[in-house]
Amino acid sequence: MPTNTFSLTNNQTGESYKYNILEGTRGPSVLDIRTFFADTGMFTYDPGFTATAACESTITFIDGKKGELRYRGIAIEDLAKHHTYLETCYLLLNKQLPNKEELQNFDLEIRHRAYLHKGLQKLFDAFPDNAHPMATLSAAVTALASFYNEHLDIENEDEYLEMAHRIIAKMPTIAAFSYRHSLGIPFIEPNIDLSFTKNFLTMMRAYPGGKMHLYANGHEEIKDVEVRALDTIFTLHADHEQNASTTVVRGVASTGAHPYMAISSGIAALWGRAHGGANESVIAQLEYIASVDKVEAFIEKAKDPNDDFRLMGFGHRVYKNFDPRASILKSLQDELHDALNLDTELMAIARKIEEIALNDEYFISRKLYPNIDFYTGIILTALQIPKSMFTPIFVIGRTVGWITQWIEFKKDKTSKIARPRQLYRGK
Ligand code: SDX
């Protein structure tokens with residue numbers, strides 16, 4: 001039972017109100033204002049939800065001041081260094097890391113579900129070649145709801161894990177097919193003999209029937225170092241508390257719509273350049289800046305209040321310190337420097353931006369640090385992945401987070417339809 005309370009007084013009427021303070025196991029306490037409108041006839045006002053806790057959760061914890069991120073209590077540094085993305089998926093869904101047998105069974109379950117219904121593959125033909133893979137990806141996931149409509153009783157909690165496994169397994173296939181459609185080349189079906197991440201890279205790059213892949217100079221196979229780098233990127237993107245796209249997923253969950261419609265809505269929200277679309281914008285911005293000696297001018301533009309130009313990959317609503325995922329990617333960049341030939345002009349421009357921005361009063365005073373998107377693009381570019389596929393890769397990583405948050409919402413018997421109010425200023 002709450003032991004601590006918070007009193008508020010309306011100085012116009014002299015009336016006082018008392019509200020319970022609810023304590024979490026980590027992080028800030030919350031003021032329980034669920035009866036505030038009934039008590040006072042007023043709404044609270046918090047556009048963008050800068051100070052609003054929308055739910056209780058046990059999935060992911062972020063400490064923005066310390067630059068700390070935990071999935072089910074385990075630090076992201078530990079997961080990124082010592083565990084695979086599939087182990088992280090199992091952890092998020094089942095609240096603990098898998099033992100050897102559990103991991104084998106989970107891996108096999110995901111491999112079996114990677115295939116796409118032939119009917120769904122026909123959907124891609126309806127899209128123009130130059131369709132952005134994010135548009136195709138969102139549409140294909142919406143279509144998935146119609147292929148798996150009667151397969152799912154969304155009121156039956158026993159079916160949630162199967163529904164989750166299915167969408168986690170199929171997302172890389174849909175993303176790879178979206179990419180190959182954008183090139184007008186045949187799809188490469190998932191290969192059940194390959195690991196989750198190697199299978200995705202193969203579906204993206206392989207020539208039909210050959211060992212060589214699209215960008216290969218010779219017949220070399222996809223390198224293990226590439227698989228490990230991408231697997232780490234998936235892990236770092238797996239979940240992130242109540243971010244904008246997860247809030248959309250929970251909002252759609254609250255109306256009782258099909259979970260794959262909720263995920264498709266999350267994909268749409270993630271595409272925005274203020275959110276998951278930033279990784280593609282970071283590279284586009286580095287390409288636009290084009291040389292190290294132009295960096296200072298662009299930093300000045302980013303600081304100009306009358307210019308809506310922003311430094312992509314900088315700043316975060318929660319992290320007012322280094323984004324821990326950015327720190328992990330930064331050291332991964334250093335580790336991969338030789339193996340993946342990171343010594344590029346884009347890398348030099350990125351380094352220069354970091355060097356100037358991290359010592360500039362404007363960024364320091366606003367606690368604007370590089371976020372995950374600032375570093376992802378450099379590594380993905382070195383993995384010869386085109387920037388149009390950066391946000392789809394974010395989607396592949398985040399799918400487990402979205403579906404885990406969806407399940408948590410559905411299992412919370414106190415959850416209600418999301419229906420905020422407003423401050424009306426019309427006639
Ligand atoms: C992701 O929420 C999550 O957890 C998201 C995410 C996840 O894993 O799900 O972490 C993934 O979305 C990372 C963020 C990727 N987006 C970008 O890199 C785009 C560039 N960043 C900004 O647009 C911005 O920093 C946001 C959207 C990320 C955060 O916006 P906020 O919290 O609403 O901050 P704000 O707009 O109120 O900015 C505060 C001040 C403002 O200046 P003043 O009005 O005080 O003078 O900082 C300035 C802003 O103008 N500012 C920037 C800036 N970001 C903020 N100025 C220049 N360049 C920037 N990038």
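Two strands pair if DSSP finds at least two bridges between them. I kept that cut-off in hand while going through this predicted model.

**Entry: strands**

Strand S1 covers residues 4-9 and strand S2 covers residues 16-22. I found six bridges between S1 and S2, and the pairing is antiparallel. Six residues lie between the strands, and glycine 14 has a positive phi near 80 degrees.

Then I followed S2 onward. S2 also runs antiparallel to strand S3, residues 30-31, with two bridges joining them. The pairing cut-off is at least two bridges, so S2 and S3 count as paired. Here leucine 22 faces valine 30 in S3.

**Entry: domains**

I checked the domain assignment of the protein chain. Domain 1 is 5-46 and domain 2 is 54-415. I took the centres over C-alpha atoms, and 37 Å separate domain 1 from domain 2.

**Entry: ligand**

Which residues are closest to the ligand? I listed His240, Leu311, His316, Arg325 and Arg398, out of 23 residues that surround the ligand. I sorted this shell by class and got nine nonpolar, seven polar and seven charged residues.

I then went through polar side-chain atoms facing ligand oxygens. Histidine 240 has a polar side-chain atom 2.6 Å from an oxygen atom of the ligand. For histidine 275, the corresponding distance to a ligand oxygen atom is 2.9 Å. In asparagine 371, a side-chain N or O atom lies 3.0 Å from an oxygen atom of the ligand. On its own the ligand has 1,100 Å² of accessible area, and the protein covers 74% of that.

Most residues other than glycine have a negative phi.

Lysine 95 has a positive phi near 70 degrees. I placed lysine 95 in the loop between helix H3 (85-94) and helix H4 (100-112). Is lysine 95 buried or exposed? Its relative accessibility is 58%, so I logged lysine 95 as exposed.

Glutamine 384 has a positive phi near 55 degrees. I found glutamine 384 in the loop between helix H17 (372-382) and helix H18 (390-411). With a relative accessible area of 38%, glutamine 384 went down as partly exposed.

How values were computed:
Residues are numbered from 1 along each chain as its sequence is written. Side-chain values use heavy atoms; hydrogens and water are left out. Domain bounds come from an automatic or database domain assignment. A residue is near a molecule or strand if one of its heavy atoms lies within 4 Å of it. A polar contact is a pair of N or O atoms within 3.5 Å; within protein, one must be able to donate a hydrogen and the other to accept it, and residues adjacent in sequence count only if both atoms are side-chain atoms. Accessible areas come from the Shrake-Rupley method with a 1.4 Å probe; for residues, only the protein chains shown count as cover. Ala, Val, Leu, Ile, Met, Phe, Trp, Tyr, Cys and Pro count as nonpolar, Asp, Glu, Lys and Arg as charged, and the others, Gly among them, as polar. Helices (H or I, at least four residues) and strands (E, at least two) are DSSP runs, numbered from the N terminus. Buried means under 20% relative accessible area, exposed over 50%, partly exposed in between (1.4 Å probe, protein chains only).
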